[in-house]
Structure formats: C-alpha cells, structure tokens
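Here's a walk through one protein model, taken a piece at a time. Have the viewer open and follow along.

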Amino acid sequence: MSDATISPPPGVRRTRRQRRPTGAPPPLPRRITPSTTVWLALTAIMLANTFLISQNAPWLRIADHTSTWLLRQLGTVRTPWLTDLAAWINDAVITWHPVIVVAVVLLVIVFRRWRHLLVFTLCLFFLEIAGGWLYEGLSRPRPYGVPIIGSWDGYAAPSTTVVALTFILTGAVYCLVVPGRPRACAHATVAAMVAVFCLARLYLAVDRPDDALFGVVVGVAVPLAAFRFFTPDEVFGIAYRRGRTAHVDVTGRRGAAIRQALHDQLGLTVLDIEPVGLASSAGSTPLRLTVAGDPDEYLFAKLYTLGHVRADRWYKLWRTILYGALEDEHPFSSVKQLTEYEDYVLRLLRDGGVRTARPFGIVEITPEREYLLVTEFFTGAIELGDADVDDGVIDQGLLLIRKLWDAGLAHRDIKPGNLMVRDGELLLIDAGFAQVRPSPWRQAVDLGNMMLVLAVRSDAGRVYRRALGYFTPDELAEAFAATRGVASPTQLRAFMKRDPRDLLGEFRALAPPRQPIVLQRWGARRVMVTLAVLVAAVVAVSLLSNAFQPVVNLGSGPPVCGIGHSMILSAQAVPSAEMLPCVAALPSGWTVEGADIRNGRSEFWLDSDQAGPRAVTVSLTAACDTAGAVRIPSDQAGAERFERPLSLQPRFTLTRMYTFAGGCVTYQFSFVPGAAPLLAIPLDTAVAFEPRSVLVGHVRQTEGLALCGQGAACTG
C-alpha cells in the first residue's frame with residue numbers, strides 16, 4: 001500500500017508519524033485498578049492464612065482465643081431487644097436473600113444487560129465450585145467459649161451467608177448502577193448493609209470475626225474482579241439514557257487516547273471528536289473528527305471494540321438458530337480482523353467503481369481490544385431517507401447494485417442510513433457487513449432492499465421501470481421473492497412500516513410471478529448449535545436456581561465417631577445433649593450419603609445397595625415426641641428406647657427413638673419395596689453413641705476453651 005493511497009485531503013496538516021517503541025504502553029492501555037489488585041491480594045492472603053492457621057495448632061489456638069475474646073466483649077452488651085433485633089436481621093437475610101437475587105436478575109434482563117447476566121452466572125458457578133472446596137477443606141466448627149444464640153447451618157468458615165449477601169449486593173451494583181458518584185454511593189450503602197449484618201452475626205456468636213471477614217473478602221473480590229475484567233465500564237458501561245449499547249463513550253481517557261493515537265500513527269492533529277449517525281449505527285461507534293489543516297477538515301472514523309466483535313458473534317449465532325444457514329456467515333475472531341476487513345472491503349468497492357468513502361488508515365487504540373478505521377467524511381451529504389430522490393439518484397442506486405454484482409460483492413446492509421446524497425451524487429457508506437463472493441440469495445436481497453429504499457422516497461412503479469434498464473424481469477422477480485421480513489435491515493423495515501403504501505406488494509405485482517424463497521434452512525449445524533445453546537441455558541438456569549434458595553441445607557461431613565470437626569459441630573447443634581450419634585463401622589453394602597448439621601438439629605442418612613437410597617436417617621434433637629411409641633429394652637447404655645409400630649408391607653418402615661439427658665436420637669427406617677427388614681439388624685452396631693464429655697475434654701485440651709453446653713457451662 002503506497003503512502004499516497006492513505007493520505008488524507010491536501011488541506012489536512014500532517015506531522016511525522018511516531019512508532020511505539022517496544023515496551024511502551026499503547027494509547028489506551030488496559031489497566032487493573034489498584035482496588036482490584038488490593039481485593040485480589042487480600043483474598044489470597046486470607047486464603048493462605050486461613051489454611052495455614054487451620055493446620056497449625058498453636059496458631060489456631062491463638063486465633064480462636066482472639067475471636068472468643070472479641071465475641072465475649074459483644075456478649076457483655078446482650079439485651080433482650082438487641083438479641084431480638086440481631087436475630088431478626090440474621091433470619092431476614094437468610095430468608096429474603098433469594099428475593100434480592102430474583103429482583104437483580106429480573107432487572108438485568110429488563111435492561112437487556114446479557115453480558116452482565118452471563119458474568120453474574122459464571123461468578124455464581126465459580127463460587128459454588130471454589131467456595132465448596134474451601135467450605136469442605138476448612139470444615140471449621142462454630143465459635144467456642146461463648147453461647148451461640150442465633151440460627152446457623154453447617155461449618156463456619158468462610159461464612160456462607162456473608163459470602164452470599166456480599167456477592168449479591170456487589171453484583172447488583174456492577175450490573176445496575178451507573179459508574180461514578182452513583183456507584184460510589186451504592187458501594188458505601190452495600191458496605192454499611194454488610195457491616196450491620198456481620199455485626200448481628202457476631203453479636204449472636206454464630207460467626208467468628210475472621211470467618212465473617214473471610215466471607216466479605218470472597219464475596220467482594222470475585223464479582224469485582226470478574227465484572228471489571230469481563231465488563232469494563234469503558235466498553236460495557238451502565239447507562240439509562242436512550243441510545244444503543246454499541247456506542248461507547250469517547251470522552252475522558254478514551255478521547256485523549258484517540259487524539260494521541262491519530263497523532264502518532266497517522267500524523268493527524270485532532271481538534272474535536274463528535275459522535276455522528278448514532279441512530280442508524282448498531283455495530284460500531286461512528287465519529288466525526290475535526291483535524292487541523294488549512295482550513296480545518298472533517299474525517300470520518302469508526303471505533304470498533306471487543307464488545308462489537310462479541311455482539312457480532314451473538315448476532316450470527318442467533319441468526320443460525322432462528323433461520324439456519326441463509327449464507328456462509330462466520331464471526332470475526334478479533335477486533336483487528338473486523339477493522340482490517342472493512343478497510344479491505346472499502347478498497348475493493350472503490351476498485352469496482354462504487355463511490356464510497358476513501359480509507360486513510362487503521363489506528364490502534366488498545367491492542368486486540370480497540371481499533372479506529374479512519375476514512376473520508378462526506379461533508380454536506382444527507383441520508384437518502386431525508387433527500388429528494390429523482391431519476392438520477394434512482395439510476396445511481398440501481399447501477400451501484402449492478403457494480404456490486406459485477407465485482408462479486410454484496411453490501412448486506414442496504415438501508416436509508418447507509419446511502420448518502422450530496423449534490424445529486426449517491427454515496428455508499430458502512431461496508432463492515434459486506435461480503436466477497438456472496439450467495440445468489442444475498443445478491444438478490446441487496447437489489448430488493450435498494451429498490452425498496454428508493455421507492456420509500458419516490459414510488460414503486462417509477463423505480464421498477466428504471467430498474468428494467470439494468471436488470472432482467474427474472475432478476476427483479478428473484479429479488480422480491482428473496483426480500484422479505486428479516487432479510488431487510490431494521491431501519492428499512494421501520495421506514496416501510498410508517499409508509500401507508502404496500503411497496504413490497506406493488507413490486508411483486510409488477511415483477512413476473514415467482515414463489516417466495518424460503519428463509520428457513522435446516523441442517524446439522526443449526527440443530528447442533530440450537531442444542532448446545534439449550535444445554536447452556538439449562539445449566540445457567542440450574543446455577544441461578546441455587547441462588548434463588550435460602551442459604552440453608554449446606555451440608556457437612558458425616559459425624560464419624562471420634563473428635564473430628566463434624567462431631568464438634570453436632571455437639572454445638574444440640575448443646576444440651578449428653579450423647580451424640582456417630583458412624584462407627586458400616587456393614588457391607590451401606591454408605592453414608594450425607595449430613596445436615598444446624599442449630600437445634602443434627603442428622604445424617606445412610607444408603608444401602610439393597611434397601612435403597614436414604615434407607616435410614618439418624619437425627620439428633622433436644623427432645624422428641626414418644627407418644628404412641630412402645631418402650632422396649634435399650635441396647636444403648638444410659639438411653640431409653642422407643643419404637644412405633646412398624647410396617648412390613650409393601651415396604652419396611654420403622655421409627656426408633658433413644659432418649660437421654662438433654663437429647664433424643666431418632667432412627668427413621670424407610671426401605672424400598674421388597675427389601676428385607678433383616679437388613680436393619682446390622683445397623684445396631686453401625687451407629688454408636690459418643691459421650692459429649694469426650695469432645696468437651698478435647699476442645700478444652702487443644703484450644704483451652706469451652707465447648708459450651710452440657711458439661712461446659714458458658715456465660716454471655
């Protein structure tokens with residue numbers, strides 16, 4: 001390409017171009033804000049410290065003593081009304097957090113922020129995977145040495161309810177709140193809400209301070225990093241003004257970067273940057289540049305960003321799903337490729353004799369993310385939709401299509417906004433959707449759309465008569481058999497809808513009869529893409545459905561006899577119980593399927609290869625109703641045994657209860673039909689009762705703290 005080919009008009013003042021040295025930043029470097037770095041670093045530090053402390057007994061002892069001391073200080077101010085308030089806050093968040101999620105998701109859908117919704121869903125998926133790993137890896141019991149007086153569920157670290165609330169509120173801010181002062185105020189509001197919630201849980205002693213802090217850090221860092229990386233405000237900004245989301249802000253940092261890039265790469269001094277033609281542009285941000293010269297001149301530029309490429313991919317994906325393979329369409333792989341392609345097509349159009357904008361060069365704003373295509377600006381031109389259309393303009397429009405056909409090109413976006421008129425000359429713009437060696441169907445659609453555009457400003461009969469000088473009647477019949485519905489651009493369809501005439505019907509009446517060309521195309525690609533999208537949608541809905549549920553039933557490890565964390569958690573769930581049920585030695589064919597430990601209740605259930613899933617559920621509560629049950633000799637020392645009448649047919653069911661000081665253990669047998677009742681006999685030795693005093697002594701020895709409840713009184 002010669003320098004003369006890309007030289008701007010003679011009046012434009014040029015300076016020497018400057019090559020960016022190796023290692024020098026681009027005009028608009030992609031930056032990671034300090035706050036993002038701080039939150040990610042804080043997460044890494046918290047994660048490392050938590051695991052290191054959990055594996056080191058002396059450090060764990062110091063951390064637990066510090067947490068207990070802080071919780072005891074809060075315990076000294078406990079009053080009935082404060083306790084009620086803290087309990088209400090805790091329960092309200094646990095119960096109502098799904099409502100917040102639903103509201104956020106619905107608002108994101110209403111405002112059509114699909115990329116934000118996708119990032120929100122992926123963050124949720126990441127938290128479920130990574131958070132589950134942390135939750136199970138730490139398996140930390142609830143605080144020691146202070147009475148727990150609030151609702152809780154599962155292990156303590158990280159605090160899952162704090163993570164959930166912080167994540168939802170932070171995600172809502174990045175999905176719905178405008179950057180700047182409104183977002184800063186929203187962040188402050190979220191911080192206050194999370195602080196109040198954490199304080200309520202610390203007051204109730206259901207969380208340690210470090211558990212709550214860990215939850216806050218995880219709940220903020222994940223959405224903050226994801227939204228700032230995948231939906232940067234410069235490209236996917238939140239705005240409630242009318243306009244298209246394709247148009248990005250060209251003031252501030254980006255405006256300065258555009259000026260610097262044009263000066264360094266094309267030697268142009270930009271005096272002003274003004275968006276133009278936004279109403280008819282949906283795939284880029286069109287700009288009018290005022291450049292220094294003698295006199296000053298206008299140039300046109302199209303700003304392409306990564307968001308435009310991704311929007312093009314989604315557009316073509318949906319076209320494939322809705323209509324199949326109308327033509328050989330493939331999405332662009334990068335912003336640079338999209339910009340290079342339009343520059344290339346502009347040169348092809350000019351070589352084919354089509355009057356279109358002369359390209360002056362491509363400018364890099366951010367490598368692989370933002371590029372600017374600079375072209376000639378048609379000063380004084382107006383859109384065809386606002387111009388007077390005479391026979392000369394009609395002939396130029398029809399000849400333009402003939403030239404495209406002869407050159408093996410299709411514009412693919414013929415509409416009033418892409419046809420300009422200046423001093424009676426018809427000018428073609430916006431070649432980004434153009435195609436080389438298009439399908440015959442696409443070429444016919446270009447002709448049909450051109451004739452419709454011309455007829456909107458004149459009449460169908462006049463345009464048809466002029467068209468016979470350039471095309472055969474069969475070609476015109478093919479054009480209007482192909483041109484219908486979505487084959488025409490949205491702007492053209494809007495013009496036709498406002499026009500009281502049936503222009504398409506008039507053209508079809510004038511042309512030889514021909515059956516409409518079917519738009520729907522079925523093939524293996526369309527079926528596979530549709531199935532893949534449906535599977536992805538099902539997965540996304542399933543992920544979001546988890547967020548629509550209260551933060552309960554988190555699960556925990558089964559309480560295996562000994563001094564493990566699950567056993568300690570069971571003791572904290574029912575602090576009055578003198579004994580705790582635990583898994584001793586399971587007989588062949590039996591497995592522990594899961595456990596659910598929360599305040600007031602601890603249970604686990606067993607599966608059998610013969611008796612079926614959840615064949616036996618073992619529950620520990622403070623008391624149980626033995627009315628109607630039969631007392632029989634007990635096989636557990638210190639406990640009384642009761643059984644309700646069993647059912648042998650059609651399936652074996654039985655309720656067995658053991659009562660003792662401060663607690664009750666219930667066995668609920670429910671075998672699949674046909675399973676022998678004798679399968680229940682080996683379970684007498686599979687589940688054992690462990691004295692709570694064993695765990696009290698272990699905590700006192702290792703932590704120097706009390707496992708509050710039976711055998712270890714605590715005040716507060």
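What follows goes from the cores to one helix, then to a histidine and the cysteines.

A word on ground rules: this is a predicted model, so to speak of local features a pLDDT of at least 70 is needed, side-chain atom pairs count only at pLDDT 80 or more, and totals for chains, interfaces and linings use all residues. Residues are numbered from 1 along each chain as its sequence is written, and side-chain values use heavy atoms, with hydrogens and water left out.

Start with the largest nonpolar core, which has 95 residues. Such a core is a set of buried Ala, Val, Leu, Ile, Met, Phe, Trp, Tyr and Cys residues joined through side-chain atoms within 4.5 Å; buried means under 20% relative accessible area, exposed over 50%, and partly exposed in between, with a 1.4 Å probe and protein chains only. Helix α5 (residues 160-176) is the top contributor to this core, with eleven residues. Helices here are DSSP runs of H or I, at least four residues, and strands are runs of E, at least two, numbered from the N terminus. Trp590, Phe669 and Phe671 touch the most other members of the core. Leaving out residues up to four places away in sequence, Phe671 touches Trp590, Arg651 and Pro677, among others, where contact means heavy atoms within 4.5 Å. Apart from this core lies another, of 47 residues, including Leu400, Met450, Val453 and Phe480.

Now for helix α21 (residues 692-703). Arg692, Leu695, Val696, Val699 and Glu703 are the buried residues of α21. Seen down the axis, they fall within an arc of 105°, so they line one face of the helix; the arc is that of the directions from the helix axis to the C-beta atoms. The buried residues pack against α2 (57-75), α19 (565-573), β11 (579-583) and β19 (687-691). On the other side of α21, Ser693 and Gln701 are exposed. After the helix comes Gly704, with a positive phi near 70°.

Next, what does His116 touch, residues up to four places away in sequence aside? The answer is Tyr174, Cys175, Phe227, Thr231, Phe236 and Ile238. His116 lies in helix α4 (residues 114-138) and counts as buried at 5% relative accessibility.

That leaves the cysteines. A search of the whole structure finds three disulfides, each a pair of cysteine sulfur atoms within 2.5 Å. Cys561 and Cys582 form one, with sulfur atoms 1.9 Å apart; the torsion about their S-S bond is about 85°, so the disulfide is right-handed. This pair links distant parts of the chain, 21 residues apart. Cys561 is partly exposed at 30%, whereas Cys582 is buried at 0%.

Another disulfide joins Cys624 to Cys664, and with 75° about the S-S bond this link is right-handed. Cys708 and Cys714 have their sulfur atoms 2.0 Å apart, and their torsion is about -90°, so that disulfide is left-handed. In sequence order of the bonded cysteines, the pairing is 1-2, 3-4, 5-6. Cys123 is in no disulfide, with the nearest cysteine sulfur, that of Cys175, 8.7 Å away.
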